[in-house]
Amino acid sequence: MASTAKTNTSNENNSNKKKPGSSFLSRQKTKSKDSKDTITEEELLAKPEISPEDVLKLKRSTKDYLCTIKDNVFGIEFTRFKIRNMDTDQTLFEIAKPSPEEMAAMMVDNVDPNAGRFVRYHFSAEFLRLKTIGATVEFDVGSKEVKNFRMIERHYFREKLLKSFDFDFGFCIPNSHNTCEHIYEFPPLSSETMKEMIKNPYETKSDSFYFVGGELIMHNKADYAYNTSSATQ
């Protein structure tokens with residue numbers, strides 16, 4: 001399904017100018033150079049490098065992560081995330097980085113190195129009827145400058161692609177704290193698809209791929225349930 005994505009970004013140590021989303025036509029031209037329009041997870045894992053064009057060819061959520069935690073050589077760390085209804089400004093979900101004390105306890109209790117790369121969301125069925133949401137993310141950057149920071153986020157129900165979003169963060173200066181809001185405009189879902197998504201929690205999944213200069217440095221995953229009594233987690 002076609003979808004529209006808009007991005008508003010700001011950098012506390014740089015500027016507060018809005019940065020437009022990347023050109024859809026320019027990316028279509030790049031994509032057209034490669035006649036193969038699908039790729040498997042196994043094929044990607046066998047490649048020495050994974051490009052943005054590669055992940056755009058995936059037809060299902062990956063079973064594994066396509067890069068390691070060590071690939072994040074820029075020290076990018078997400079510290080806060082909030083989802084809001086753009087029509088009512090109601091906060092639907094919000095999470096922040098744990099305190100140092102909470103982090104220490106989590107390290108003792110959780111030995112899974114990928115725990116910080118996965119989120120499980122719980123929403124009500126009404127969430128599926130929303131047309132537009134805003135997702136605000138705050139993140140810190142390490143000692144290296146970050147050029148052409150880009151996120152591709154793909155949402156699936158079972159083996160069907162529901163939505164694909166493509167956002168440009170642009171340039172981030174070293175040792176900066178950054179805030180941006182991504183505007184998600186959802187395509188309509190059929191009544192049958194929504195019923196199946198509600199009846200089958202966690203079979204709706206997403207992959208978020210983060211690139212710097214065209215190189216994959218981070219991969220986060222999530223799954224979703226739409227059977228809670230309210231729109232919040």
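Visitor: How far apart are the closest N and O atoms in the salt bridge of E196 with K199?
Guide: This is a predicted model, in which local features need pLDDT of at least 70, side-chain atom pairs count only at pLDDT 80 or more, and totals for chains, interfaces and linings use all residues. Residues are numbered from 1 along each chain as its sequence is written, and side-chain values use heavy atoms, with hydrogens and water left out. A salt bridge here is a side-chain nitrogen of Lys or Arg within 4 Å of a carboxyl oxygen of Asp or Glu. For E196 and K199 the closest N and O atoms are apart by 3.5 Å.

Visitor: Which helix holds both E196 and K199?
Guide: Helices are DSSP runs of H or I with at least four residues, and strands are runs of E with at least two, numbered from the N terminus. E196 and K199 are three residues apart, so about one helical turn separates them in helix α5.

Visitor: Is K199 buried or exposed?
Guide: Buried means under 20% relative accessible area, exposed over 50%, and partly exposed in between (1.4 Å probe, protein chains only). K199 has a relative accessible area of 60%, so the residue is exposed.

Visitor: How many residues apart in sequence are the parts tied together by R158 and E196?
Guide: The side chains of R158 and E196 meet in a salt bridge at 3.7 Å, N to O. R158 lies in the loop between β6 (146-157) and β7 (160-172), and E196 in helix α5 (residues 191-199), so the separation of the parts in residues is 38.

Visitor: Which residues are linked with R158 in a network of salt bridges?
Guide: R158 pairs with E196, and E196 pairs with K199. Linked with R158 in the network are E196, K199 and E203.
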